[in-house]
Amino acid sequence: MGQGHNHSKQDHHSHNHSHHHTSTSTKNLAWAFVLNLSFSLLELIGGIFSNSIAIISDAFHDFGDALSLALVWYLQKISTKPKDNYFDYGYKRFSILGALIISVILSVGSIFMIIESIKRFITPEETKADIMFALAIIGVIVNGAAMIRLNHGKSLTEKAVFLHFLEDILGWIAVLIGSVVMMYFSVPWFDPLLSLAIALWILWNAYGNIKQVMIVMLQAVPESVDRHELVEHWEKIKGIHSIHDIKIWSLDGNHHVASLHVLIDKTVKLNEFQKIKEKIRKVALEFEIIHTTIELETDAEQCKLHSD
């Protein structure tokens, strides 16, 4: 009875915290979508008038991102659904599916930018540096505002979107510098060179995002969890002889789960098992593990998984 009540309180607290965080994430993503779509249209018009391949490429890249953000926002909303007959852990992983989608779109857009940049680098064309300069100023301000809004996001999706805006700011700073250079020097090849550098930077970071998502998908031990330290804390609990068959993984990069087999000391009485479980769960929560499945064993039992 005591265990059920305690576990319920933990779940309730975790649910409230998770619900608040996901609600904020959803609002941030919706805001990022509106901002991205509006600016990509302005960017496309400015890129055509300035004849800048760097700006036109980035406009298509931003438009693709805006569409992906809409999908990501939808997936983030789905991720708030509780568990049902189809998903025992709920729908949390739908949020990292969104992170994967936006990272893949970033990669495809970057490859397109690289191809177009190489073409323009081979046959450079004159660009209107003054329009580039004005757009670059707007670009830094708009993307800076979005980046500040997403700065405290904890989900992999928010981190992917935050990285997108950070990349855009760096890209616009590069365009700003490039436009100033082209105002005073006749270097038409400088624009495609900037575009190429931006594309390579985005591609490299998108690869990093995809790698993080795949680590979660493949159920690796979360990077934020020190497995060795966690086991040490568990084994220090009075009444525990040893721990084996430990499994730790993450649902979405923020919400972690674990399962373990615990060999109880011979001296421990049956009515003390409950307190040991409570202490194990308390330690797990300190390591951001929200759900812990515990199997208690005695010396009389022969666990085939003991070698783990």
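A residue is called buried when its relative accessible area is under 20%, exposed when it is over 50%, and partly exposed in between (1.4 Å probe, protein chains only). This is a predicted model, where local features need pLDDT of at least 70 and side-chain atom pairs count only at pLDDT 80 or more, while totals for chains, interfaces and linings use all residues. Residues are numbered from 1 along each chain as its sequence is written, and side-chain values use heavy atoms, with hydrogens and water left out.

Take D245 to start with: at 9% relative accessibility, D245 is buried. D245 is no glycine, yet its phi is positive, near 50°. Q219, also not a glycine, has a positive phi of about 60°. Q219 sits in the loop between helix 6 (190-217) and helix 7 and, with 46% relative accessibility, counts as partly exposed.

Now for the nonpolar cores, meaning sets of buried Ala, Val, Leu, Ile, Met, Phe, Trp, Tyr and Cys residues joined through side-chain atoms within 4.5 Å. The largest one has 23 residues, and L230, W234, L260, V262 and I280 have the most contacts inside it. Two or more residues each come from helix 7 (227-235), strand 1 (240-250), strand 2 (256-264), helix 8 (273-286) and strand 3 (289-297). In soluble globular proteins, nonpolar side chains tend to be buried together.

Conventions:
Helix = DSSP H or I, 4+ residues; strand = E, 2+ residues; numbered from the N terminus.
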